[in-house]
Amino acid sequence: MVQKIVILGTGGTIAGQSASALDHTGYTAGQVGVSDLLAALPLESLGSGRFICEQVAQLDSKDMGFDVWVKLTQRVAHFLSQADVQAIVITHGTDTLEETAYFLHALLAPAKPVVLTCAMRPASALVPDGPQNMMDALALAVSPGACGVSVVCAGAVYGPEDVQKVHPYRLNAFSGGDAGPIAYVEDGQVRLLRAWPQVSAAPRPADAALVTQLADAIWPRVEVVMSHAGADGLVVRALVDAGVQGLVVATTGNGTVHQDLEAALVLAMQQGVRVLRATRCTEGRMLPGAHQNLPSAPGLSPVKARIALMLALMRSNQDSGRSSAAGV
């Protein structure tokens, strides 16, 4: 049985075009189909008849929404369940790539490789970086032992919990913080530095059910607020009045929060809003300390903590629904 590789396209800079080959910033994202991106690659070494292409979306990833996450997650789950699919590669814009990677990891924790890749220059650039990133992603997809969700950019492989975009335009725009990369792709070969992301032999039954129900799910409203000099509780109070269900506070330092903002967040918790702290520092992780009034999400950036909290609320709603049904 020929093992297939599925390439799912969502748009982004890697599929972008501009009027000039020298324009690396004034392009329009999401213009080139994923099948055309694949057709431009030298795939002889990977064998013919191995690839399935599907255009899930065609957008600038700054505009990523829940509707695309639903479709992408369900297509990934669909192909993961097929015995003849070896791996999945996803082309994605860089702006929200880290969020999509973490979302897929947190919900699916796939045993097969799910590799997200991207570009910082559009496909129309004089020297685009997308083709090499795609080749590196495909090399990783067929690498023995590879598993779980990962991100490949500029020859480096990052884990979904660590990866962050740290530069607005250079080719190596991503970092794994002090955790560093998982591996490097060098001349088509993967050099592993540390363990692959934690995976699951099969999705948890509750999460498998959640994946099938995502299209009909009510996504909880979770927002990110930032602690900074002069922060107060105005935004928190406005969000609570608007019906927010969860709040992530991007803290200073080791999880510290301005006292006025913290008071508002504690009051929000007393009113039933779920709250998490996540440091706005790009390296390190919060250590346990005296600031225990608010729960924390150690090791996650604020945007990833938001996803973790959304999923926790969705799972809680799912459990409540089952309990209510059982009590009828």
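Modeller: Let us begin with a salt bridge. In this predicted model, the side chains of Arg 221 and Glu 223 meet in one, at 2.4 Å from N to O.

Biologist: Is Arg 221 buried or exposed, and what is the state of Glu 223?

Modeller: The general idea is that exposed means over 50% relative accessible area and buried means under 20%, with partly exposed in between. Arg 221 has 51% relative accessibility and therefore counts as exposed. Glu 223, at 22%, counts as partly exposed.

Biologist: How many salt bridges does a search of the whole structure find?

Modeller: The search finds eight. One of them joins Arg 75 to Glu 54, with the closest N and O atoms 2.6 Å apart. This pair links distant parts of the chain, since Arg 75 lies in helix α2 (residues 66-80) and Glu 54 in strand β2 (residues 51-59), 21 residues apart. Arg 75 is partly exposed, at 24% relative accessibility.

Biologist: Which residue forms a salt bridge with Asp 162, and where do the two partners lie?

Modeller: The partner of Asp 162 is Arg 194, and their closest N and O atoms are 2.9 Å apart. Asp 162 sits in the loop between β6 (156-158) and β7 (164-165), whereas Arg 194 sits in the loop between β10 (189-192) and α5 (205-213), 32 residues apart. Asp 162 has 23% relative accessibility and counts as partly exposed; Arg 194 is also partly exposed, with 29%.

Biologist: Let us turn to helices. How many residues of α3 are buried?

Modeller: Of the 12 residues of α3, 11 are buried, so the helix is largely enclosed by the rest of the structure. Among them are Glu 98, Glu 99, Tyr 102, Phe 103 and His 105. Helix α3 covers residues 97-108 and reaches 16 Å from its first C-alpha to its last, close to the 16 Å expected at 1.5 Å a residue. Just after α3, Ala 109 takes a positive phi of about 40°.

Methods:
Residues numbered from 1 in each chain as written. Predicted model: local features only at pLDDT ≥ 70, side-chain atom pairs only at ≥ 80, totals over all residues. Heavy atoms only, no water. Helix = DSSP H or I, 4+ residues; strand = E, 2+ residues; numbered from the N terminus. Expected span 1.5 Å × (residues − 1). Buried < 20%, exposed > 50% of the residue type's maximum accessible area, 1.4 Å probe, protein only. Salt bridge = Lys/Arg side-chain N within 4 Å of Asp/Glu carboxyl O.
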